[in-house]
Amino acid sequence: MSERARSLARPATLALIVGAGLWAWAAVALWQSTELPSLDLPHLDPHSFFSDSFLHRSATYERFLAILGLLGLVTVIAVLVVYARHGHRLVRESAAGRVGTGMLLAMLGFAVVWLAEVPFGLVALWWQRRYDVSHQGYLPHLLNSFLGLGSQFVFLCLGIGIAMGLAGVMRRWWWLAVVPAFVALAALFSFVSPYLIPDTSSIDNPALVAEARALERIEGAPHARLREQEVHRFTDAPNAEALGLGPTSTVVLWDTLLRDGFSREEIRLVLAHEVGHLAHHDPLKRLGWLALFLLPAWGLVALFTRRRGGFAQPEAVPVAILVLVAFQLLATPLLNVTIRRQEAAADWAALQATHEPATEKAVMRKLATKSLSDPDPPFWAYAFYENHPTIMQRIEMAQAWEDQRP
Amino acid sequence: MATLFEGKSPAPLHDFLARFVRYATQVCAYLNLAAEPLPAFDGKPGYPVDVEIEPPVAQNRWTVAFRAVLALPALVLAAVLVGSGNFVFDSVRSSGRLGFAVLGLAAVFGWFYAMFKARMDRGLRDLIAYALSYAAQTWVYLLLVTDIYPDSDPLTAIGPLPTRSDPVRMEVTDELRRSRLTVFFRLALAFPHLVWLTLWGVVALFAAIFNWVVVLIAGVSPQWLHRFLSRYVRYQLHVSAFLYLVGNPFPGFVGAPGTYPIELHVAGPERPNRWAVFFRLVLAVPALLLASAFGSALLVVAVLGWFAALFTGQMPLGLRNLGAFALRYIAQTYAYALLVTSAYPYSGPCLEQ
C-alpha cells in the first residue's frame with residue numbers, strides 16, 4: 001500500500017473527509033434555504049438616479065473609509081503577529097490558573113488591538129464629522145469604545161473559558177465540541193439581544209403597528225415586537241434591523257427613519273424588508289452559517305496551537321487569537337455573500353408584499369443620500385465591506401420586479 | 001518666596017509653621033478622641049498624639065515653585081482620610097461629595113465606645129492617629145516646612161503597631177512591580193471578574209441568610225457553608241486588590257486559598273454568641289459605614305496608583321500599604337457580616353502574625 005493510500009486509510013483522515021463532505025452539503029442546503037428568484041437584473045446608470053456631485057462626494061467619502069479600514073486591518077494583523085510571538089510572556093502577570101490565564105492573554109490581545117485601532121477610529125470619526133454623517137464627539141467616542149471593551153471582555157472570557165475547558169478535557173477533537181457550545185451561546189445572545197439594545201422604546205403609532213401586523217400576515221412572519229431606537233444624537237443615517245429568536249423576535253426602527261422625512265409608504269417598505277427577514281428565519285440561518293464558519297476556524301486553531309502545547313495551554317492563546325482574526329478576515333467576503341443573499345431575498349419579499357417598486361427606489365435614494373453611501377462601489381470594497389447588495393443593485397431589483405409584472 | 005530664594009525655609013518661619021501644624025494636630029487628636037488631655041495653646045511637642053518635624057533643610061527650588069500643584073494628590077488623599085478641615089463635622093458635610101471621611105466616622109464610633117467602656121478602642125485610636133499623621137505630613141509639605149512628600153504608609157506612620165492574629169487576616173507578598181499594560185487596561189480587565197463577583201454575591205447573600213438561620217439553631221456554621229462564604233470573601237478581596245492596583249497579577253475566578261499575593265486567611269467555623277448572631281446586621285452597621293469610607297480611600301489609592309504605576313512600572317509602597325489596609329478592613333467587615341467570623345473588624349493599622 002502506498003504512503004498516500006495509508007494516509008487516507010487512517011480513521012482521522014477519513015473522518016475529516018467525511019466531515020468536509022457533510023460541511024459542503026450543509027452549506028449548500030443552507031444557501032438554498034434562502035429562496036431568491038433567478039433574476040436578470042437590468043443595468044441601470046447611477047447618474048439617472050443621483051446627481052454627479054453626490055456620486056463624486058459619496059465615492060470620495062467611502063473610498064477614504066475603505067482605505068482607512070484596510071490600513072487598520074493590516075495594522076491589526078501586524079500587531080497580532082507580534083502578540084502571537086511574544087504575548088505568551090504575559091503569563092507571569094496572572095495568578096488565575098490555566099483557564100484564567102488564557103482569559104487574561106485573550107483580553108490583553110484584544111486590548112492591544114483596541115490600542116492599535118484607536119488612531120484609525122479617530123480618523124474615521126473625523127472624516128464622518130467632516131461629511132456630517134456623525135455628530136459624536138472625540139472624547140465620548142473614545143470613552144464609549146473603552147467601556148465597550150469591558151463588555152466585550154465578558155463574552156471573550158466566557159468563550160475562552162468554554163474552549164479552554166473543553167480543550168483541557170478532550171484531547172484531540174475538542175474543537176468539534178466547541179462549535180455547538182459557541183452556537184448555543186450565540187443563540188442565547190441572539191435570543192436576548194433585543195433587550196440589550198440601548199435607548200429603545202415601544203412604537204406608539206397605531207397605524208404603523210397595524211401595518212406591521214398586516215405585513216406579518218402577508219409575508220407569513222411570526223408576531224414581532226416593534227421598537228424605536230433613539231440614535232439621532234450620534235448620526236443622521238436611517239436604519240432598521242430584525243433580531244431576536246422566536247418569542248423575542250423584534251423589529252427595531254431608528255428614530256432617524258421615523259422622524260426624518262420618510263413618507264408612510266417608505267417606512268412601510270423598510271418594515272416589510274425587516275419582516276421579510278423574520279419570515280425567512282434569517283436570525284436562525286445566521287446561526288447556521290456561524291456554525292459552518294466556526295468549524296474550520298476552530299479546526300485551524302487546534303492545528304496552529306499544537307506547537308505551543310495545544311489550546312489547553314494559556315501560552316497558545318495569542319496564536320489562537322491571530323488565527324481566529326485572520327480567518328475572520330479571510331472569511332468575511334464569503335460571509336458577506338451569504339448575508340447579501342438574505343438581504344436580497346428580504347428586498348424581494350418587501351416588493352412582493354407592498355407592490356411598490358417606485359417606493360423601493362425612492363427609499364434607496366434616500367438611504368444613500370442620508371448615509372452618504374456610494375451607490376456603486378468598486379468591487380474590492382463591495383466584496384470586503386458590503387453585507388448588503390449595493391444601492392444600485394437594490395434599485396435594479398425593484399426595476400426587475402416592475403419589468404416582470406404582467 | 002523666602003524658601004524659593006534661599007533654598008530653605010527661614011528658621012523662625014519654619015518654627016512658626018511647625019508649631020501651627022503641631023497645634024492643629026493636637027487639637028484634632030483631642031477633638032476626635034485620639035488623646036485625652038486638653039492640649040496647650042502653644043503647639044509645643046510632648047502631647048500623646050504628636051508630630052515630629054525636622055529642622056529646616058535645603059529644598060529643591062523646582063519642587064518649591066510647583067508645590068501647590070505637587071501637593072494636589074496628597075490633598076485629595078488627605079480629604080478622604082480626614083475631610084477638609086479635620087473636624088468630625090466635616091465628615092458629615094463631605095458625605096455628599098466623597099462619602100464619609102475615615103477620621104470623622106472613627107471619631108463618632110470612638111465616642112460611643114468611650115462612653116460605654118470609659119476608654120478609647122485601640123484600633124479606632126490608631127486609625128485616627130494615622131489619618132492625622134497623613135494630614136500633618138500634607139500640611140507641612142504644602143506649607144514648605146519640608147520637601148519630603150507625604151507617606152501614606154499606615155505601617156510606618158504611628159510608632160509601634162500591635163501584632164495581631166485575627167481569625168480573618170490578610171497576608172501581603174506583593175512585589176510592587178506592575179505591568180504597565182495590565183495597569184492601563186485594569187478596569188476593563190476586571191470587568192469579567194466584577195460580573196462574576198456580582199453573580200456570586202447574589203448566591204452568597206442567600207447563603208448568608210441560610211447560614212444565619214443555621215447558626216441560630218445549631219450554634220455553629222456548617223463546614224461547607226463556611227468554606228463557600230470564606231471563598232466568596234477571599235475572591236472579593238482578590239478582585240478588589242486587582243482592580244484597585246493593590247495586587248499585580250490577574251486573579252483566579254474561584255477564590256482559592258494561596259493563589260494571590262494579597263491573601264486572606266480564614267480560620268475554621270467557631271461557636272459564636274447567638275445574641276450577637278441574631279443582631280449581626282445591626283452590629284455590622286458601624287463597620288459597614290467605616291468600610292465604605294475605606295472604599296473612598298481605596299478609590300483614591302487606585303487613581304493615584306494608576307498614574308504612578310503607568311509611569312514608573314511600580315506601585316508606591318505607601319499607597320499599596322494603605323490600599324492593603326483598607327482591603328483588610330473591608331474583607332473583615334464582609335466576613336463579619338456574612339457570619340464567617342464573630343470577630344469584629346479591627347480598624348487600626350497592625351502587623352499580622
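**Close-up views of a predicted two-chain model**

**View 1. Cysteines in the predicted model.** Over all chains, the count of disulfides comes to zero.

**View 2. The hairpin formed by β4 and β5 of chain A.** Strand β4 of chain A covers residues 240-243, and strand β5 of chain A covers residues 250-254. The two strands pair in the antiparallel sense, and four bridges join them. Six residues lie between β4(A) and β5(A) in this hairpin. Within the turn, A:G244 has a positive phi of about 95°. Which residue of β5(A) stands opposite A:L243? The residue is A:T250. Elsewhere along the pair, A:A242 has A:V251 of β5(A) as its bridge partner.

**View 3. Strand β5 of chain A beside strand β3.** Strand β3 of chain A, residues 225-229, also pairs with β5(A), here in the parallel sense and over five bridges. In this pairing, A:R225 stands opposite A:T250.

View 4. Are the residues of β5(A) mostly covered or uncovered? The strand is mostly covered, with five of its five residues buried. The side chains are divided between two directions: A:T250, A:V252 and A:W254 point one way, while A:V251 and A:L253 point the other way. The residues pointing in either direction are all buried.

**View 5. The interface between chain A and chain B.** At this interface, 22 residues of chain A are in contact with 19 residues of chain B. The two chains bury about 1,700 Å² between them, and 81% of this area is on carbon and sulfur atoms. On the side of chain A, the residues that lose the most area to chain B are A:E93, A:A95 and A:F146, which together account for 31% of what that side buries.

View 6. How many salt bridges are counted between chain A and chain B? The count is one. This salt bridge is formed by B:R177 and A:E93, whose closest N and O atoms are 3.1 Å apart. Five residue pairs are found in polar contact across the interface. Three elements of chain A, namely β1 (94-95), α4 (97-130) and α5 (138-169), each supply at least two residues of the side that touches chain B. The largest share of that side, nine residues, comes from α4(A).

View 7. B:S230 is found in helix α13 of chain B, which covers residues 223-243. When residues up to four places away in sequence are not counted, B:S230 touches B:V266 and B:V340.

Conventions: Residues are numbered from 1 along each chain as its sequence is written. Chains are lettered from A and ligands numbered from 1 in the order in which they are written. This is a predicted model: local features need pLDDT of at least 70, side-chain atom pairs count only at pLDDT 80 or more; totals for chains, interfaces and linings use all residues. Side-chain values use heavy atoms; hydrogens and water are left out. A disulfide is a pair of cysteine sulfur atoms within 2.5 Å. Two strands pair if DSSP finds at least two bridges between them. Contact means heavy atoms within 4.5 Å. Buried area is the accessible area (1.4 Å probe) that two parts lose on being put together, summed over both. A salt bridge is a side-chain nitrogen of Lys or Arg within 4 Å of a carboxyl oxygen of Asp or Glu. A polar contact is a pair of N or O atoms within 3.5 Å; within protein, one must be able to donate a hydrogen and the other to accept it, and residues adjacent in sequence count only if both atoms are side-chain atoms. Buried means under 20% relative accessible area, exposed over 50%, partly exposed in between (1.4 Å probe, protein chains only).
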